[in-house]
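Hello,

Here is the structure I promised to pass on to you. Please have a look at it first, and then read my notes below.

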Amino acid sequence: MIVRIMGEGQLDLTDADLDLLNSYDDALERAIASGDEATFRKALHDLLERVRQDGESLDPDALKPSEYILPPSDASMEEVRDMLQDDGLIPG
């Protein structure tokens, strides 16, 4: 699956990563619901870092559709809230 981190580029992850990423996504949703900025920052950092660690960077010139689009690391809680779908940033 192709995941884009806004402002950084695309990464290719295996479908096996989906469950793990969903657990990070769930933590991010809970942080937003609580309104706790510190918890939100940590949850966003953890999600993006996991994608960076597990994903293989795609060539910047490659144009592939992204299945999931994640916010940049400096996104505000409100910006991320606006990006959420019914089941988070990473549905599943």
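Let me start inside the sheet: Asp-12 stands opposite Glu-56 in E3. This is a predicted model, in which local features need pLDDT of at least 70 and side-chain atom pairs count only at pLDDT 80 or more, while totals for chains, interfaces and linings use all residues. Residues are numbered from 1 along each chain as its sequence is written, and side-chain values use heavy atoms, with hydrogens and water left out.

First, the overall layout. The protein has three helices and four strands, where helices (H or I, at least four residues) and strands (E, at least two) are DSSP runs numbered from the N terminus. Starting at that end, the order of elements is β-β-α-α-β-β-α. The radius of gyration, taken over C-alpha atoms, is 12 Å, close to the 12 Å that the globule rule gives for 92 residues, so the protein is as compact as a globular protein of that length. That rule is 2.2 Å times the number of residues to the power 0.38. Along its principal axes, the C-alpha trace spans about 40 × 25 × 20 Å.

Now back to the sheet. Its four strands are arranged E3-E2-E1-E4 in an open sheet with mixed pairing; two strands pair if DSSP finds at least two bridges between them. Strand E3 (56–57) and strand E4 (68–70) stand at the edges with a single partner strand each, so one side of each is left without a neighbour in the sheet.

Going through the pairs:
- E1 (residues 2–5) and E2 run antiparallel and are joined by four bridges; Ile-2 has Asp-12 as its bridge partner in E2, and Val-3 stands opposite Leu-11.
- These two strands form a hairpin with three residues between them, and Gly-7 in the turn has a positive phi of about 85°.
- E1 and E4 run parallel, with three bridges between them; here Arg-4 stands opposite Ile-69.
- E2 and E3 run antiparallel and share two bridges.

Helix H2 (residues 37–54) lies across E1, E2, E3 and E4, at about 130° to E1. For that angle, axes are lines fitted to C-alpha atoms, for helices over the stretch in contact, and angles run from 0 to 180 degrees between N-to-C directions. Contact means heavy atoms within 4.5 Å.

The loop between E3 and E4 holds Glu-67. Leaving aside neighbours within four places in sequence, Glu-67 is in contact with Met-1 and Ile-2.

Finally, the largest pocket has about 160 Å³ of space. A pocket is an open set of points on a 1 Å grid over the protein atoms alone, where a 1.4 Å probe fits, with protein on both sides within 12 Å along at least five of seven lines; lining residues have an atom within 4 Å of a point. Points are joined across faces, edges and corners, and the volume is the space filled by probe spheres set on them. Among the lining residues are Arg-4, Leu-11, Arg-52 and Ser-57. Strand E2 (residues 9–12) gives the largest share of the lining, three residues.

Best wishes
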